[in-house]
2 protein chains.
Amino acid sequence: MNESDTTKQKPSLAAMLSVRNGARAVAFYKAAFGAREIFCVGDPGGAVVAQLAIGATDFWVADESPANLNFSPETLGGGTVRMVLVVDDPDAVFAAAVSAGAIVVWPVDDKDYGWRVGRIVDPFGHHWEIGKPLAQES
Amino acid sequence: MNESDTTKQKPSLAAMLSVRNGARAVAFYKAAFGAREIFCVGDPGGAVVAQLAIGATDFWVADESPANLNFSPETLGGGTVRMVLVVDDPDAVFAAAVSAGAIVVWPVDDKDYGWRVGRIVDPFGHHWEIGKPLAQES
């Protein structure tokens, strides 16, 4: 969003990931994916709400609050949304995420549906598919 | 992503929502939010994977597959990611979503953190916050 012009807002959409220990999650997403912090607000109890960006795409990270129907994957035992990260070099980004602490779900490989892609689960239980469309045969 | 140029891919990020009955979910997101279908592939069993867009932002919808760790909110009893939809007229978009079948979690209101925002849950169990930053006092 363009905060300098809130009078006419073009539609935009961003995912907000619920996690346990949002502060650690923000640090992980920076280390694993090179995410940039747009802003981060915390409360005295340590919970945070952070807006991050990878490339031109924003996403949000917030401590879970089951009373407000915001559940972490650890609380529910799985995730209801996975993140699709499209990058120029999936192998390199995948390896960096694993080095930062992500676990391989399945490695990067060429898929018959035309993508080179792999899948990791981050230390907070969110799954990420990291890939790109394969160059089309001409 | 720009499918006409896959040789140099700028990073982009999109959420993939797991649902029961992806075909109905795609129809709902079109009706509720005016989502555009970028593409949609189905298998003989009726499961779909669809890429949609609202404004300039893509997201994905896919039938759940617990064997592949893709769980719908109905299966887990809640959601681990909520979607933040920023629009020029939150009240109108919120009302349209409710008319299309979403349920109000809390109505649109001015929040002390500087947003006008409301929250709905869609018929597939995903939560959406629909709002925009309030104009700043000068």
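Predicted model: local features only at pLDDT ≥ 70, side-chain atom pairs only at ≥ 80, totals over all residues.
Which residue in β4(A) is the bridge partner of A:A53? Good morning, colleagues. In β4(A), that partner is A:D58.

Strand β3 of chain A covers residues 48-54, and it pairs with β4(A) in the antiparallel sense over six bridges. Together β3(A) and β4(A) form a hairpin, with two residues between them. In the turn sits A:G55, whose phi is positive, at about 60°.

β4(A) itself spans residues 57-63 and is mostly covered, since six of its seven residues are buried. It has a further partner in strand β1 of chain A, residues 12-19. Here the two strands run parallel, and four bridges join them. Within this pairing, A:M16 stands opposite A:W60 of β4(A).

Chain A holds three helices and eight strands. Read from the N terminus, its elements follow the order β-α-β-β-β-α-β-α-β-β-β. Taken along the principal axes, the C-alpha atoms of chain A fill a box of roughly 55 × 40 × 25 Å. Of the 138 residues in chain A, 49% are buried. Among contacts in chain A with a separation of 6 or more, 48% are between residues 24 or more positions apart.

A:L69 lies between β4 and α2 of chain A. Although it is not a glycine, A:L69 has a positive phi of about 70°. With a relative accessible area of 37%, B:L69 is partly exposed.

I turn to the interface of the two chains. Chain A and chain B bury about 4300 Å² between them, and 58% of this is on carbon and sulfur atoms. Three residues, A:L13, A:T80 and A:R82, supply 18% of the area that chain A buries against chain B, more than any other three residues. The contact takes 49 residues from chain A and 49 residues from chain B.

How many salt bridges does the rule find across this interface? The count is zero. The rule does find 21 residue pairs in polar contact between chain A and chain B.

Which elements of chain A take part? At least two residues each come from β1, β4, α2 (73-76), β5 (81-86), β7 (115-121) and β8 (127-133). The largest share, seven residues, comes from β1(A). By class, the side of chain A that touches chain B has 27 nonpolar, 16 polar and six charged residues.

Finally, strand pairing also crosses from one chain to the other. β5(A) pairs with strand β1 of chain B, residues 12-19, in the antiparallel sense over six bridges. There, A:V84 has B:A14 in β1(B) as its bridge partner. Thank you for your attention.

How values were computed
Residues numbered from 1 in each chain as written. Chains lettered and ligands numbered in written order. Heavy atoms only, no water. Buried < 20%, exposed > 50% of the residue type's maximum accessible area, 1.4 Å probe, protein only. Pairing = 2+ DSSP bridges. Contact = heavy atoms within 4.5 Å. Buried area = accessible area lost by both parts, 1.4 Å probe. Salt bridge = Lys/Arg side-chain N within 4 Å of Asp/Glu carboxyl O. Polar contact = N/O pair within 3.5 Å; in protein donor to acceptor, adjacent residues only side chain to side chain. Nonpolar A, V, L, I, M, F, W, Y, C, P; charged D, E, K, R; others polar.
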